Amino acid sequence: MERPANPGADSPVELELTVENVESALYQLYFDPDMERKNVAQEWLTQAQGSAQAWHFCWPSVYSISRHWSDLPTDQHEGLRIQLLDHILRFSSGPKMVLTRLCVSLASMALNLIPQAWLQPVADMVRAFQPQKPASEGGPGAEASQDPHAHCLALLELLTVLPEEFQSSRLAQARRTQLREALAGEWAVVCPMLCQLLQSQDSSNRVKDKVLRCLSSWVALDVPLGESHELVQDCFTALSDPELFDTAVETIVDAISQPDCQRYVDALVSLMPLVLGLHDQLKAAVQDGDMETSHGICRIAVAMGETHSRVLLEQVDHWQEYLALVNMILYCTGIPGHYPVSETTSSLTLTFWYTLQDDILSFEEEKQAVYLQVYRPVYFQLVDVLLHKSHYPSQEEFTSWSSDDKEQFRIYRVDISDTLMYVYEMLGAELLSNLYDRLGRQLMDPQQSAIWQDTEALLFGFQSIAETIDVNYSDVIPGLIGLIPRINISNVMLADTVMYTIGSLAEWLADHPVMLGGILPMVLQGLVKAELSVSSVSTLKRICRECRHDLGPYAPDILSVSQDVLVKEIHKSSQCMWLMQALGFLLSALPVDEILGRLHSLITPHVQRLDTLTQHEPDPSDKQSIVHILGLLSSLFTTLDINRQADDLEPAASPRLPPSQTTQHPVVVVLQQVFTLIQTILSKWLDDSEVVEAVCAVFDKSVRTLLHDFGPMVAQLSEMLAQIYSAFPQASALDLARQVRPPTHRSGPLKNPTFIPPTAIYAFANSFSLSLPLFMKSFPDYQKPEFYLSDQLDKKALFYCGILSLQFPETPTVKAASLFFTELLPRCKDMPSLGEVLQRDGKLLTETILQAVGGGSPRSLTEPFSEVLLSLNSHCPALLAQWLKETLQTPGFPSAQVSTEQKHTFSQQLLR
C-alpha cells in the first residue's frame, strides 16, 4: 500500500474531514517516527471517530459502528454493509489487524440489525464469499476469484468473530436472549460448512485451524451438541496432527464442557469411544516425555468425566466404558515424574475424584451400594497413586529445585491432602486401617524403612485425614501413636511430617493422656532444631492447648527445653511468639502456687536483657530486640489465664478452683514488677510507633485475657496511656483504651468500680481530646455534671475538638460528637466555665452544623446534627438566634443553591 499524500504543513487537527486525510493521519500515526506528530494524529482521529461525518468514510472509522450506531441513518445501512464486505474481501490476505477490525465491525453491524433488518446474516456472508467471475478485469471481485483460500480464511474469521462480539457486547437481557436464539438458528448454516472444510482433503492446516477456532466460538452460544456431535467427532482426527493438536484440544474441551451437553446423552455416549481411543496416544506421549500431548489428552478425559459424571454414571448399559474412562483418568493422576518439574498433568485430575465421589454418594442407598462395589477398588488404587505422587524427591534433587517449583509442589501436596480427605468419605475407616497396616510393615522391615519417602507419604496420608476428620473413635490411632516413636527423624522432611501428624492428633491425645509420654520427647527433640521450627513449635502449641490439664508431669521438661531454645534464639521471631503462647497454655493449668515461680524463671532472662537495652541511648540496632522481647511477653499473656476452666475446644475439661480473693493474678504481679522498666522504654522511644505499639500490645493482651483480674493495674495504665497520647498521639494507645473501659467491661461489671482515680479520667479526657468519639465510647459513665465541673478538665480543648469531630466523614464519629454536645449543652447554664466556652465557640459550632446540613455531609447524618441544633435552641435560644443571623447573612453560605428567603424561613422555623 503506497503512502498517502503528505497533508503538507497543515496540522492534522486543522484538516478537513476527508477519506484522503483520514488515510494520511493513519499513516502518520503508525509510521511517523516523530512522537509529537503521532499524538496530534491520534487526537484528530479520535475526534473524527465521534463525528457525524465519520459515516462518509466508514472504512477508516469502523469504530463508529459499535460505539455510535444510533447516529447512522437507516438508509445508509445497506451501503455500509456492502462496503464492509467489499473491504473484507479486499483485505482477506492481510494485514491481519485490518482484517480483524473489519470483521468485528461487520459482526457488530449484524448484531444491531438481527433479526428485524437482517434476517439471515450468516447465509448472506457465506454467499458473499462464494467465488464469482468478475464483471471486469479490474473490478472489485477480481481478487476474490484469484485467491479463494484467503477468502475462505476471511470468512472463517468473520464467523468466529460474530459469536465473540455477541459475548462481549453490552446488551439488555431481553435483547441478548433474542440475539442468542437468532444466532443459534444460524448454526444450521455454519455447522455443515465447518464439517465440509474439516473433512476435505484440500483444506490446508490453516483452514482447519480456523475451523476449530470457529467451532469453539459457536459452542459458547450453547449450540445443541445433538446437531454438532459429528463435527466434534471430526475434531478428534485433528489430534493426530501436531500442528493442529493444541487447537483441537481447546475446541474439544470447549465443546464437551458445556453444561447443556447433558441434554444430549446419545451424543455424549457416541463420543466416549473417541476419548477412550486416545489412551494409546496418551501412553506413547508419557513414554516419550511429551508433556504437551499428555497434558492435552488428560484435559479431554477430565472434561468428559468431570462435567458429565452423574449423567454417564446413570448410563448403566455403558458402565464399562465409563469405568474405562475413570481408569484412564487414574492413569493421568499417576503419570510418572515429580510435579511440577517433570510432569504437570496429574494436578488436572484431582477435582474429578471429588466430583465422582460426590455423585456416587448422592444416589439413593440401593443404587449407591452398586456403584460403591464397582468404584471402591478404584479409590483404593487412587490412594496408592496419590501417596506415591506426594513423595518428595531425593534430598539432592529437591535442593536443586527453584523456589517457585518448591512452592508449586507444596500447593500440590495440599491439593492431594484435600483429595485424600474426600476419599475418606468413600472408603471410611478401612482407609485408615490400610494406611496403618502399610506403615507397620514399612517400619518393621529395615530395608523398607530405609526409604524415608514411603514412610513420610503414609504419615502424610494420616495427617491429611486427621486434620479434618474426627478420628477419636478410630481403633488404629493407638497403634499409630505407638509406631511414631520408632521413626528415625534424621531426615528434615520426614521429621516435619512426623511433627504435623502428632499435631493433628492433639485432640485424640487429650482424651488419651497416657500416650503423651511416648510422643512428647519426639516433639521436644524437634524443638531444638531450627529446620523444624514451624512444625515443632506449632505441634507443641496444639498439644499444650488441648492437653494442658494433663501436662503437669511433663511441664519441667517442656519449660526447660523451651527456655533453652528461646535464650539461644534458635527460632525466628514469629515462632518464638507461638512458643510463648504454648507455654502460656501450659502454665495456666499448673497449680496456682507454682505458676509465679515458673513464670519468673521463664521471663527473667528476657527481662534482664530488656533492662540492659534500656540503659543504652536509642539505637536502631536495639529496637528489634526490644520489640521482640515485648512481643514475647504479650504472646505469653495472651494465653496465661488461670481462671479459664475450659476453652471452646475442650468443653469437658475438669474445672479448676479460682485463686483466693487476696491472691493476685501472676500476670498482674509480673506487670507491676516490670512497669517501671516499661516506662523507661517509653521515655526513650515514645516517638517510635513500633515500640509504643509493642508496649501497648503487652497490656492489651493482658486486659483481654485477665478481664476483672486486671483491676489493680488500671490506675497505672490509665496514667501511662494519657501521658503517651498527650505527648505523642498514636493509634495503638487508642486501641488499648478501648480495652480499659472503667467502670464497666464488655463482659460485665468489674470487681472494683472505684479503683481508677479521677485524675486518670481527666488525663484521659484531655489527652484524647483529638479523639473525642473514642472518649465518649470508653467513658460513658463519666459524662456527668461533676465530671464537667472539674478544673482538671480542659473544656476549651474538648469543645473545639468536638467541633472538629463533627466534620469527620465517618458516621460513628459524627454521632459520638453530636452525643457529646447534647450532653454538654444542658449543663452550660449551671456551670460558668462551660458557659464561657459556649459563648466563645458557640458561633463556630453553629456554623459547622449549618455547613454540614447545607451539603457538606451526607443526608444520613442529618438527624445527629438536628439534635445538636434543637439542644442549642432549647438551652440558649437568644445566642442561637444571634449566631444564625450572623452566619447566614454571608453570601453563598452554606450553599450557593440556598436563597436569602430560604435562609430566613429556616431560621424562623428553627427558633419558634
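In this predicted model, helix 8 passes helix 9 in a left-handed crossing. The two helices, with helix 9 spanning residues 173–199, have axes 11 Å apart and pack at an angle of about 155°. Angles over 145 degrees count as roughly antiparallel, so helix 8 and helix 9 are roughly antiparallel to each other. On the helix 8 side, the contact is made by Cys152, Leu155, Leu156, Leu159, Leu162, Phe166 and Gln167. Helix 9 answers with Arg176, Leu179, Arg180, Leu183, Met193, Leu194 and Leu197. Sorted by class, this contact comes out at 11 nonpolar, one polar and two charged residues.

Helix 8 (residues 148–168) also packs against helix 10 (residues 205–219). Here the axes come within 8 Å and cross at roughly 15°. That angle falls under 35 degrees, and helix 8 and helix 10 are therefore roughly parallel to each other. The crossing of this pair is left-handed. Helix 8 brings His149, Cys152, Leu153, Leu156, Glu157, Leu159, Thr160, Leu162, Pro163 and Glu164 to the contact. From helix 10 come Arg206, Val207, Lys210, Val211, Arg213, Cys214, Ser217 and Trp218. The contact of helix 8 with helix 10 holds 10 nonpolar, three polar and five charged residues.

Asp222 is not a glycine, yet it has a positive phi of about 60°. Asp222 is placed in the loop between helix 10 and helix 11 (225–237). Most residues other than glycine have a negative phi, and most peptide bonds are trans. The bond from Tyr339 to Pro340 is cis, with omega near 0°, and Pro340 is found in the loop between helix 17 (319–333) and helix 18 (350–361). Phe893 and Pro894 are likewise joined by a cis peptide bond, with omega about -5°. Pro894 lies in the loop between helix 45 (877–888) and helix 46 (900–911).

Turning to open space in the model, the second largest pocket takes up about 660 Å³. It is lined by 28 residues, and the closest to its centre are Tyr392, Arg410, Arg413, Asp496 and Tyr500. Four helices each supply at least two residues of the lining: helix 21 (403–427), helix 24 (452–466), helix 26 (492–504) and helix 29 (533–547). Helix 21 gives the most, with 10 residues. In terms of class, the lining of this pocket has 12 nonpolar, eight polar and eight charged residues.

Definitions and conventions. Residues numbered from 1 in each chain as written. Predicted model: local features only at pLDDT ≥ 70, side-chain atom pairs only at ≥ 80, totals over all residues. Heavy atoms only, no water. Axes fitted to C-alpha atoms, helices over the stretch in contact; angles between N-to-C directions. Parallel < 35°, antiparallel > 145°, perpendicular 65-115°, else oblique. Left-handed = near helix turned anticlockwise from the far one by under 90°. Contact = heavy atoms within 4.5 Å. Nonpolar A, V, L, I, M, F, W, Y, C, P; charged D, E, K, R; others polar. 1 Å grid on protein atoms, 1.4 Å probe; cavity = no way out; pocket = protein on both sides within 12 Å on 5 of 7 lines; lining within 4 Å. Points joined across faces, edges and corners; volume = space filled by probe spheres on them.
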